[in-house]
Amino acid sequence: MIRLLLKTTYTSGEAAMTTKVASGSTYSRRGLTALMLAILGGTALVLALALCLSTNARLNRRFDVLPRKIAVEHSAEAIERGRRLARVYLCHDCHGEDLGGQLFADIPFTAFLPAGNLTRGAGGAAARYAPEDWVRAVLHGLRPDGRPLVFMPSHYLRGMSDGDLADIVAFIWSVPAINRQWPPATVKLGGRLMMVATTQTVLPAEVIDHHRARMQPPRARATVDYGRHLATATGCRACHRADLSGGAGPPPGGANLRPGGAVEGWTESDFVRALRSGTRPDGSQIAASMPRDYASLSDVELRALWLYLQSLPSARPPS
């Protein structure tokens with residue numbers, strides 16, 4: 001009996017000790033997990049704060065730029081030239097048919113990007129912009145106070161001539177005033193990550209050499225040089241990539257425009273018809289993401305573009 005009692009007591013004590021050890025191990029694991037979560041949370045908070053501070057500094061940086069002045073003529077001829085050029089340079093594509101602005105993008109956790117009102121109405125740029133402010137915005141990607149505009153494609157438009165810009169401004173002044181005020185663009189967490197972790201040009205003002213003298217574009221003739229200029233200034237490279245090999249821009253992505261690519265086998269007439277009608281030679285429709293305003297390109301401009309594309313190295317892989 002005593003031996004049984006001693007054995008039972010020993011067994012009970014051993015079980016209690018095991019329970020305490022096991023319980024202590026559980027508490028240790030929980031404590032370690034909580035500590036690791038706290039460290040990770042703190043690190044994430046510090047990184048998020050650093051991200052916000054660094055991107056805020058870039059979004060609110062003031063560029064010291066003294067823009068060149070342009071002479072805006074409000075003649076009927078200038079307004080009519082500006083009407084066509086506003087299509088060629090895709091002003092309506094972002095700012096809407098009435099140029100009163102529209103929502104360019106609203107992507108959760110990434111960005112809220114309205115393309116602003118350009119007219120003389122309430123909230124419009126023409127109501128408060130002097131001619132040099134248009135130069136600052138279009139050719140430098142900057143607000144009148146020197147802060148950068150978000151996604152304003154000035155790194156492409158910078159090739160625009162002073163005369164073309166002056167005519168576009170004259171046209172904008174001539175359109176009916178639209179009273180439409182938009183809230184400012186907001187770059188959220190995803191957009192801020194894009195600013196630091198990708199090559200996406202969120203603030204084109206950052207990639208422009210603002211103090212380098214701008215070269216005026218080649219004469220408007222059907223030449224390779226003029227076509228090269230148009231491929232940049234009208235935004236072809238935004239969706240078709242810098243080398244026009246395709247794959248950038250909104251889905252399904254810009255086509256490869258180099259010889260051997262998507263336009264292989266096309267004639268110049270096919271190319272002109274495609275840009276004017278949005279229809280390929282086989283009758284299929286080009287994606288809606290391809291701006292239909294390119295139909296406003298002149299015969300000379302379209303021929304120059306075609307000659308430039310045909311001058312590029314082949315897209316075919318080497319045999």
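What is the mean pLDDT of the protein, and what share of its residues reach 70 or more? This is a predicted model, so colour by confidence before anything else. The mean is 89, and 90% of the residues reach 70 or more.

Stop 1: Select helix H1, residues 2-59. Confidence is lowest here, at a mean of 66. For contrast, jump to H2, where confidence is highest, at 98.

**Stop 2: helix H6.** Select residues 162-174. These 13 residues should span 18 Å at 1.5 Å a residue, and the end C-alpha atoms lie 19 Å apart, which agrees. Show the side chains next. Buried residues of H6 include Asp162, Leu165, Ile168, Phe171 and Ile172. Asp167 is buried as well.

**Stop 3: the largest nonpolar core.** Stay with H6. The largest nonpolar core has 30 residues, and Trp134, Met160 and Leu165 have the most contacts inside it. H2, H4 and H6 each supply at least two of its residues. H6 gives the most, with seven. Centre on Met160. Among the residues it touches are Tyr89, Val138, Leu139, Leu165 and Ile168. Arg214 and His229 also touch Met160. Then move to a second, separate core of 24 residues, which includes Cys236, Leu297, Ala304 and Leu309.

**Stop 4: the sheet.** Switch to cartoon view. Three strands form an open sheet in the order S1-S2-S3, with antiparallel pairing. The edge strands are S1 (102-107) and S3 (186-187), and each pairs on one side only. Zoom in on S2, residues 111-115. Two bridges join S2 to S3. Pick Ala111 in the viewer: its bridge partner in S3 is Val187.

**Stop 5: the cysteines.** How many disulfides are there? The count comes to zero, with a cut-off of 2.5 Å between cysteine sulfur atoms. Next, check accessibility. Cys94 counts as partly exposed, at 23% relative accessibility. Finish on Cys52. This residue is also partly exposed, because its relative accessible area of 31% falls between the 20% and 50% cut-offs.

Note on methods:
Residues numbered from 1 in each chain as written. Predicted model: local features only at pLDDT ≥ 70, side-chain atom pairs only at ≥ 80, totals over all residues. Heavy atoms only, no water. Helix = DSSP H or I, 4+ residues; strand = E, 2+ residues; numbered from the N terminus. Expected span 1.5 Å × (residues − 1). Buried < 20%, exposed > 50% of the residue type's maximum accessible area, 1.4 Å probe, protein only. Pairing = 2+ DSSP bridges. pLDDT = per-residue confidence, 0-100. Core = buried A, V, L, I, M, F, W, Y, C linked by side-chain atoms within 4.5 Å. Contact = heavy atoms within 4.5 Å. Lists of a residue's contacts leave out its neighbours within four places in sequence.
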